[in-house]
Amino acid sequence: MLPERARIGLVEDDLVMGGSIVQRLELEGWQVNWWQSGRDAISGIEGLCGCLDLVICDVRLPDISGEVVFSELANLPNSPPFVFVTGHGEIDQAVRLMRSGAVDFMTKPFAMDEFLRRIDAARRTTLSQLRLNGYFLGESPAIQHAEDLLRRYAGHDLPVLITGETGCGKEVAARLLHEVSPRRLEPFIAVNCAAIPAELLESEIFGHEKGAFTGAQQRHLGYAERAGKGTLFLDEIGDMPMPLQAKLLRLIEDGSFNRVGGETPCTFGARVVSATHRDLGQRDGRSSFREDLYFRLAVLPVTIPPLRERHEDITWLLDRFLENAATRSDTRIRGFGALAEEAALAYPWPGNVRELRNRVERAVALSTSEWIMPGDLFPERTAKPASAAFVPLADVRDAAERRQIERALDETGGQIAKAAGLLAISRTTLWEKMTRLGVADRARSTS
């Protein structure tokens, strides 16, 4: 069976053939979106690019050809891989489609077992295969899109620029990129450009020779040299002094550098991954960052969204950080109370994931109960007027209902009837709540 809730797009106008493919794929564990015309497919796939693992597309459609569908969607970021099927196969056509970027081409009729084998080989790597060595970013669609970009970047040697607010997990993203890359057995060297004094940063990155300056008693190997053939991660690159930016540009473009006080060039073999919370690309005349260096660093960009834009990750991160913190504490903590979860979901998290982790660790250290309560996560609220600690009751109820509905849908693979049974409500009532709470897209298409 294929991975749970893997998602496929089918573009097929033949009702018998399409229905047969949908039925078999759903039995195999796929979630299928089926379009019967090319224009409908383009409109539908545009909103699902980051979610689809594969698109199976007929070449001959009633309005436009499958090639047109593929050509238009290929211009979108994160476009899913395409497999073409046709009852009128031509070698020239197959060669043209494969050269254009299609991953496979099959002629009808085909044996279903062979069909399943080939689409399994063609599908996009699922996010579960990314999660190595504990480097997780989350499970929301927004963060899954970022993880998928990192996977696609992993096989390249080009520089990667990771942007996002402070505390959102940029270094974790950089480590994930390193772990899924061919360089994973080489060093990962992280440098915080904002934490090292400007007058020392050059020596720390590039190293120095003995006697290069007062106090240089021996040769010092910098981070660039210690990175070897691994990854050099430059965090908060936006705080790098302007004179040093020119030397970093040479490092990237020439693949070499000189230690401070040295005359012999050293070869640089690592991949540069940088991160910043600043907008380095702004061109308002006030930027202190070199434009040419920005374009070299941002060849492969990825943005980590703030936690307030991915509520689905909050409870997942709470459980993860609780598990980690509990292993370092003698206190027996069973979990978060429902009120604590609701308070966390209603909080805007200005400090992002870093703040959430710190609050969980403090709650584990100070809690006197087996269950973490709102006062353990947000002790500062006890000093505020009573009204400040409250959120609208409707918001609390909606958050709790959304959480339970999502759990039921996950448990049943998106099947509304089974989920309604778990929640002890009617199918109609469940669908109305899903629509109102914005989780209707979690249902299977056949539900």
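A nonpolar core is a set of buried Ala, Val, Leu, Ile, Met, Phe, Trp, Tyr and Cys residues joined through side-chain atoms within 4.5 Å. This is a predicted model, where local features need pLDDT of at least 70, side-chain atom pairs count only at pLDDT 80 or more, and totals for chains, interfaces and linings use all residues. Residues are numbered from 1 along each chain as its sequence is written, and side-chain values use heavy atoms, leaving out hydrogens and water.

Q: Which residues have the most contacts inside the largest nonpolar core?
A: They are Val191, Ile205, Leu232, Leu234 and Ile237, in a core of 30 residues. Helix H10 (242-254) is among the elements that give two or more residues to this core, and H10 gives the most, with five.

Q: Why is Arg310 called buried?
A: Buried means under 20% relative accessible area, exposed over 50%, and partly exposed in between (1.4 Å probe, protein chains only). Arg310 has 1% relative accessibility, so Arg310 counts as buried. Arg310 is found in the loop between S12 and H12; helices (H or I, at least four residues) and strands (E, at least two) are DSSP runs, numbered from the N terminus.

Q: What does Arg310 touch, not counting residues up to four places away in sequence?
A: Its contacts (heavy atoms within 4.5 Å) include Leu137, Ile143 and Val353.

Q: Why does the span of helix H6 (residues 141-154) agree with what it should be?
A: The expected span is 1.5 Å times one less than the number of residues. For the 14 residues of H6 that should be 20 Å, and the end C-alpha atoms are 20 Å apart, so the two agree.
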